[in-house]
Amino acid sequence: MENRKLIKIATAGSVDDGKSTLIGRLLYDTGSLTTDKLEAIEKTSRQRGFDYLDFSLATDGLVAEREQGITIDVAHIYFNTDKTNFIVADTPGHVEYTRNMVTGASTSQVAIILIDARKGVIEQTYRHFFISNLLRLSHVVVAINKMDLVGYDEDVFLKIKADFDALVEKSNFQTEQITFIPISALKGENIAKKSAEMPWYVGNTLLDHLEVLEPEDLQEQAFARFPVQYVIRPKTDAFHDFRGFSGKLYGGNLNVGDQVTILPSFTESKIKSIQLFDQELEVAVPGASITITLEDEVDISRGDMIVKSSELPSSEKSITATICQVNHKPLKIGQKYTLQHGVNRVLAKVESIQSKIQTDFSGEESTEALKLNDIGKVSFKLSKAIHFDPYQVNRSNGSFILIDEGTHDTVSVGFIF
Amino acid sequence: MSTIYFNPKESESIHILREVAAQFERPVLLFSGGKDSITLVRLAQKAFYPARIPFPLLHIDTGHNFPETIQFRDELVKELGLELIVRNVQDSIDQGKVREEKGRYASRNTLQTTTLLDAIEEFKFDACIGGARRDEEKARAKERVFSVRDDFGQWDEKNQRPELFDMLNGRIEQGQNVRVFPISNWTELDVWEYIKTENIKIPSIYFSHKRKVFFRDGLIWTANKHVYREPHEEVVEKMVRFRTVGDMTCTAAVLSEADTLDTVVEEIRQSTLSERGARIDDKRSEAAMEKRKKVGYF
């Protein structure tokens, strides 16, 4: 795809912060809204008696959403510039925002948090920032919107920035990971073009800022983890003895010749080859779906993990994690689930719920159960050891989901301590 | 790092296809002969190389396909040594399960759903891999990668499983099945650029050619015995190509001189009309796709 870099963004904001308008504006300003889509927006906006284009119509697609003027679910929106492909996970700001934002943020590197300049930092802002912090996003853009409604006043911008900086101090973020931009999504100020109304702002426009982000800089530096997804055995004449272990690589590089350990057997071997389709690679980088062959005949099946022998992860049958409940069925002590860690599944039993965590940085309280959208600290006992890193160190090898044994639904997501 | 060839969207799709092969007993790839399902075949080849693709292709043939598409399908299957299952909408009509539409906008497009659901039941497929993309249409923007359908093939948009990180949960009950969309996150341009980079063969009707057509509702329709035409709708010969390839009765052509992959990609890049703007089936109403999805469409 012509070497365009890929940046994944989650957007968060309250109902009237103008989030849909911002996304519509980004689509419009990058020429990603086609004529027929734009005409549909113009037509519906007119029918509803608006004297502006309601860009939320570009993203709220389901009948129920249009009827009620709300966003039901995470929507994925795509646009690109000459240099960059963007994927936006647009998460609704109202009820059930925790589940939706956690879901959207889990596949994103960057969060855009919208603040209404007239309202400043509100409770919802705390919650959106809390989730960005919990999910360890690499970068947060605080877009202070509706500057046109406060006379493009720098003091308003500075006051909100100061309030937000107080939040940053309570988080794990470094100040250089946070960027503040004053915008008007409705008028297109500081979105793609620099605002003449706000000469006091010397930073990048939102789009320029998103474009200078580099995926390599947003990616965490961690140890290489290779969970085996599928064993490839062609059993054809040309590849009679071929046994390849395929999967996606996380965290760090793997090289041909690396001394590796296979978990859970703790058998050792050496990487003989790394393949991407019919290409032989010397080195594989994180994010690549590859196939590995080993020097020795080792018994390996799906769910096993290949790591460098000098970089072993933790192997434990008891774990403690921050849990976010994403299903109506509450999580309770004693309950059993299937725990899916990457592609590996084990049985898990809830040993204790240590606390429910307030999502506004105000602390923790004790609880008997975690309900939908609750976040809490939970300890589990597992049927077999899993091989993990703390979520703080490696996002993909430090997270898991819980699957309900009865309904098979995904009911929780966990971040291991 | 940048010297190593690595395409993040391709890698994600390969990851999804391997999850399908690992988590399901009887997966199938829904093949239409269009560019998206052709791209899926290439991705599946890459995912399981040097082994063969470990699932068959299923084509729901409306009987109103472009002959170029059918010819292409048969050549591809032969070249890659794939297993192809074809089920015909005509059979569903003959069995009295569905009734042929009549009149100006008659199409077998919606009738396909019944034939598809019957095929799923006949072969007990538990995962159907499709080439739908979220950027195609608003209702698809909210679709999951693993989308659970009930016994009736229905989509319940308000009750979808959240998908976190790249962990896919394919657990289902007896009678349910999963629709899988490995290229969910690709745009139309991504697909075309990939076809160009990978030098993937596609049916000739994607390139500019001379065709007998007629104009209706601002769209260019193929003049053919399967497509209903009023006596006053005059047939003319134009240089056209197709941007999406489906049933002849629901796919409109675009005027184009683009006859190479380079010029097609450039045309898509410059285009101000969306891909589904040339889909007659979506023009029926603003929520046309959502309605079809709810009853088990692709």
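Figure 1. The model is predicted, so local features need pLDDT of at least 70 and side-chain atom pairs count only at pLDDT 80 or more, whereas totals for chains, interfaces and linings use all residues. Residues are numbered from 1 along each chain as its sequence is written, chains are lettered from A and ligands numbered from 1 in the order in which they are written, and side-chain values use heavy atoms, with hydrogens and water left out. Chain A exposes about 16800 Å², and 47% of this area is supplied by carbon and sulfur atoms; accessible areas come from the Shrake-Rupley method with a 1.4 Å probe.

**Figure 2. Fold and dimensions of chain A.** Chain A contains 8 helices and 25 strands, which are DSSP runs (helices H or I, at least four residues; strands E, at least two). Its C-alpha trace spans about 70 × 55 × 40 Å along the principal axes.

**Figure 3. Domains of chain A.** Domain 1 covers 5-218, domain 2 covers 225-308 and domain 3 covers 314-416, with bounds from an automatic or database domain assignment. The centres of domain 2 and domain 3 of chain A, taken over C-alpha atoms, are separated by 29 Å. To their contact, domain 2 of chain A gives 12 residues and domain 3 of chain A gives 9 residues, contact meaning heavy atoms within 4.5 Å.

**Figure 4. Fold and burial of chain B.** Chain B has 8 helices and 10 strands. Its radius of gyration of 19 Å is close to the 19 Å given by the globule rule for 298 residues, so chain B is as compact as a globular protein of that length. Buried residues account for 63% of the 298 residues in chain B.

**Figure 5. Charges in the two chains.** In chain A, the mean positions of the 44 positive and 58 negative charges lie 5 Å apart. In chain B, the mean positions of the 47 positive and 50 negative charges are 1 Å apart. Lys and Arg count as positive and Asp and Glu as negative, without His and the chain ends.

Terms used. Rg over C-alpha atoms; globule rule 2.2 N^0.38 Å. Buried < 20%, exposed > 50% of the residue type's maximum accessible area, 1.4 Å probe, protein only. Charge placed at Lys NZ, Arg CZ, Asp CG, Glu CD.
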